[in-house]
Amino acid sequence: MSQWMEMADAALMHTYNRFPLVLTKGEGVYLYDETGKKYLDFGAGIAVFGLGYGNQKFNDAVKKQIDEIVHTSNLFYTIPLAKAAMKVKAATGMDQVFFTNSGTEAIEGAVKLARKYAWLKNPEQPKNEIIAMQHSFHGRSMGALSVTGNAHYQEAFKPLVGGVKFAQFNDLESVKAQVTDATCAILLEPVQGEGGIFPATKEFLAGVKALCEENDIVLIFDEIQCGMGRTGSMYAYMQYGVKPDIITTAKALGNGLPVGAFAAVKKVGDAIQPGDHGTTYGGNPLACAAVDAVLTIFEEDDVVGHVNEIAPYLITKLEEVVEKSPHVKERRGLGLMQGLELTCPVGDVVKKAMANGLITMSAGSNVLRLVPPLVIEKEHVDEMIGILTDILCE
Ligand SMILES: *Cc1c(COP(=O)(O)O)cnc(C)c1O
């Protein structure tokens with residue numbers, strides 16, 4: 001074990017069982033550890049590093065901003081804030097944006113906004129129930145944890161935020177069964193990420209949307225993982241043709257700088273008034289310079305177009321592995337957000353892949369998750385498939 005691992009373990013809370021690697025450098029779609037060993041990265045820092053490591057335009061924009069001004073607070077305007085807000089508004093198709101420092105905070109904000117919207121309609125007896133999905137993941141703060149459909153994550157931290165009910169993902173009847181006169185919001189990931197890479201069906205999203213419209217329920221899509229071009233459209237909802245009232249985004253939004261956002265259509269967003277919500281760092285010039293740069297690069301380099309070029313190739317190659325391997329039950333996913341459901345322990349596969357120079361991740365208990373940088377090329381897919389084939393098709 002290297003001295004850095006010993007130091008970190010001596011001082012950090014034990015919230016993660018880290019892999020025994022000290023990563024020191026990234027280049028394109030490759031990572032390097034302290035011994036100089038090279039890894040092909042199909043994890044992207046948990047679907048964060050969309051543009052890969054060392055994108056020059058991104059690095060230049062962030063460095064320039066550091067020399068100008070890093071932070072001001074939300075009591076003032078800044079140029080990066082204005083630019084990033086317009087960009088996120090356009091990218092999400094929403095009308096109003098609030099910047100956060102993480103995904104979990106974007107969920108907090110989205111849930112507060114939905115409750116405020118319902119409260120304004122009837123402050124005496126506001127609708128306040130939220131329907132979320134089983135096997136969802138929305139974050140670790142108390143509010144986000146309360147809407148996360150994973151009993152194991154919640155168990156030790158009760159009492160949670162009240163008024164939350166859970167339905168089965170992709171089962172419209174089970175959602176309908178949870179709707180009452182008090183339902184104010186339905187929250188879901190169009191493609192469940194941590195829960196095991198489960199894309200929603202078109203019928204399910206359309207059905208939930210109709211249910212929301214009939215009952216004046218706010219529809220919230222958590223696109224923190226599946227957004228930002230990963231599934232082959234800027235946000236996954238766009239290929240489903242089902243528009244939410246509120247969307248949350250983070251992960252790839254800052255290409256590694258910690259930033260997220262929730263955004264809403266005007267009708268709902270207007271419910272937030274000065275004093276209702278805030279943050280010291282959220283939307284600071286450094287984070288916003290990163291967001292502005294990321295979304296500019298998305299336009300200039302047609303990153304979403306690239307995803308649509310590479311993803312069919314990745315899917316074909318993964319299907320070949322499914323055919324050949326006795327250890328893979330099925331492939332699931334959209335675009336460059338792919339999962340292989342395994343019949344052997346996923347942790348062992350992740351470890352073997354790492355030993356062979358490939359970084360992957362797990363999702364749920366038995367799914368190998370592949371969420372590479374969006375800029376991968378076919379040769380990287382071939383390299384990844386070569387390593388996986390050795391491990392899974394023996
Ligand atoms: C990662 C994730 C979150 C939480 O984001 P953090 O930045 O880790 O707080 C919420 N929702 C989804 C779908 C995620 O993938």
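Start at the ligand and select its surroundings: Ser102, Gly103, Thr104, Phe137, His138, Gly139, Glu189, Asp222, Ile224, Gln225 and Lys251. These count as near, with a heavy atom within 4 Å of the molecule. Before clicking further, keep in mind that this is a predicted model, where local features need pLDDT of at least 70, side-chain atom pairs count only at pLDDT 80 or more, and totals for chains, interfaces and linings use all residues. Residues are numbered from 1 along each chain as its sequence is written, and side-chain values use heavy atoms, leaving out hydrogens and water.

Colour that shell by class and you get two nonpolar, six polar and three charged residues. The scheme takes Ala, Val, Leu, Ile, Met, Phe, Trp, Tyr, Cys and Pro as nonpolar, Asp, Glu, Lys and Arg as charged, and the others, Gly among them, as polar.

Now show the ligand's oxygen atoms. A backbone N or O atom of Gly103 sits 2.8 Å from a ligand oxygen, and a backbone N or O atom of Thr104 is also 2.8 Å from an oxygen of the ligand. From the side chain of Gln225, an N or O atom lies 2.8 Å from a ligand oxygen. How much of the ligand does the protein bury? On its own the ligand exposes 380 Å², and 81% of that is buried by the protein (Shrake-Rupley method, 1.4 Å probe).

A polar atom of the Thr148 side chain lies 2.9 Å from the backbone nitrogen of His138. Thr148 is in the loop between helix 6 (142-146) and helix 7 (151-154); helices here are DSSP runs of H or I with at least four residues, strands are E runs of at least two, and both are numbered from the N terminus. Is Thr148 buried or exposed? Thr148 has a relative accessible area of 0%, so it counts as buried (under 20%; exposed is over 50%, partly exposed in between, with a 1.4 Å probe and protein chains only).

For contrast, jump to Glu323 in helix 13 (residues 303-324). Glu323 is exposed because its relative accessibility is 72%. Select Cys393 as well: its C-alpha atom is 9.4 Å from that of Glu323, although the two are 70 residues apart along the chain.

Terms used
A polar contact is a pair of N or O atoms within 3.5 Å; within protein, one must be able to donate a hydrogen and the other to accept it, and residues adjacent in sequence count only if both atoms are side-chain atoms.
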